[in-house]
Amino acid sequence: MEIKTFWNIILKGIGLWLLINSLYIFPQVAITIWTSQFMQGWNSSIPELVFGVIALIVYFTIACLFLFKTTFLITKLGLEKHFTETRIDISVSTNTVLKIIVILIGGITLINSFPNFIKELFEFFQQKEILRNYPNIPWMIFQFINSLIGYILITNSTAIVKLINKQTDK
């Protein structure tokens, strides 16, 4: 495996991790808007909404840069310089390593979010609230979606690697 291929895999893994972590912005913005609506009115939630949208755009831009423009990043950051050897002796294909990274990120996502989803669901049933009156409904939905994404990453890693490679080739 060449040094450039190694950095390609690492940067794509970081990009996928950033993309998954960008999902945490949605419930934070939703809860901020929800609470400011009742406390101070809609005028106070506009800065939070703008900041949330800007943060989301920055996250997605950086994630796409890491996922689809890895050659550009490797060149600009000079990551393949300062290596005495041009090859790393690993007999595993790039797609296999990228697939392992996708499965690991999916597993970590599932491990982090599924217990939180169960906890939120348990608290919801304990309080015997109507769904619309439950204050943590955005977090419960978020944890469910995050668990679902982790499961999808684990089970469909081959398709996700093909999608990443297809977008990189364009």
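User: Which residues make the nonpolar surface patch of about 550 Å²?

Analyst: I141, F144, I145, L148, Y151 and I152 make that patch. A patch takes residues with over 30% relative accessible area and no salt bridge (a Lys or Arg side-chain nitrogen within 4 Å of an Asp or Glu carboxyl oxygen). Like charges are joined within 9 Å, and nonpolar side chains, meaning Val, Leu, Ile, Met, Phe, Trp and Tyr, within 5 Å. The areas are Shrake-Rupley values with a 1.4 Å probe, and for residues only the protein chains shown count as cover.

User: Before we go on, what sort of model is this?

Analyst: It's a predicted model: local features need pLDDT of at least 70, side-chain atom pairs count only at pLDDT 80 or more, and totals for chains, interfaces and linings use all residues. Residues are numbered from 1 along each chain as its sequence is written, and side-chain values use heavy atoms, with hydrogens and water left out.

User: Back to Y151. Where does it lie?

Analyst: Y151 is in helix α6, residues 137-155. Helices here are DSSP runs (H or I, at least four residues; strands are E, at least two), numbered from the N terminus. Y151 has 48% relative accessibility, so it counts as partly exposed. Buried means under 20%, exposed over 50%, and partly exposed in between, with a 1.4 Å probe and protein chains only.

User: Which residues of α6 are buried?

Analyst: I137, P138, M140, F142, Q143, N146, S147, G150 and L153.

User: And how far apart are the end C-alpha atoms of α6?

Analyst: They are 27 Å apart, which agrees with the 27 Å that its 19 residues should span at 1.5 Å a residue. The expected span is 1.5 Å times one less than the number of residues.

User: Now the inside. How many residues are in the largest nonpolar core?

Analyst: It has 13, and L16, V102, I105, L153, I160 and I164 have the most contacts inside it. A core is a set of buried Ala, Val, Leu, Ile, Met, Phe, Trp, Tyr and Cys residues joined through side-chain atoms within 4.5 Å. Helices α1, α5 and α7 (157-169) each supply at least two residues of this core, and α5 gives the most, with four.

User: What about α1, how many residues does it have?

Analyst: Helix α1 (residues 3-21) has 19, and reaches 27 Å from its first C-alpha to its last. Its buried residues include L11, L16 and L18. L18 counts as buried because its relative accessibility is 14%, and it is 9.2 Å from C64, C-alpha to C-alpha, though they are 46 residues apart in sequence.

User: Last topic: how many aromatic pairs does a search of the whole structure find?

Analyst: Four. The rings of F6 and W7 have centres 5.4 Å apart and planes at 70°, so that pair is edge-to-face. The rings of F124 and F125 have centres 5.3 Å apart and planes at 55°, so they are tilted. Rings of Phe, Tyr and Trp (its six-membered ring) pair if their centres lie within 6.5 Å; planes under 30 degrees apart are stacked, over 60 edge-to-face, and the rest tilted.

User: Are F124 and F125 buried or exposed?

Analyst: F124 is buried, at 12% relative accessible area, whereas F125 is exposed, at 55%.
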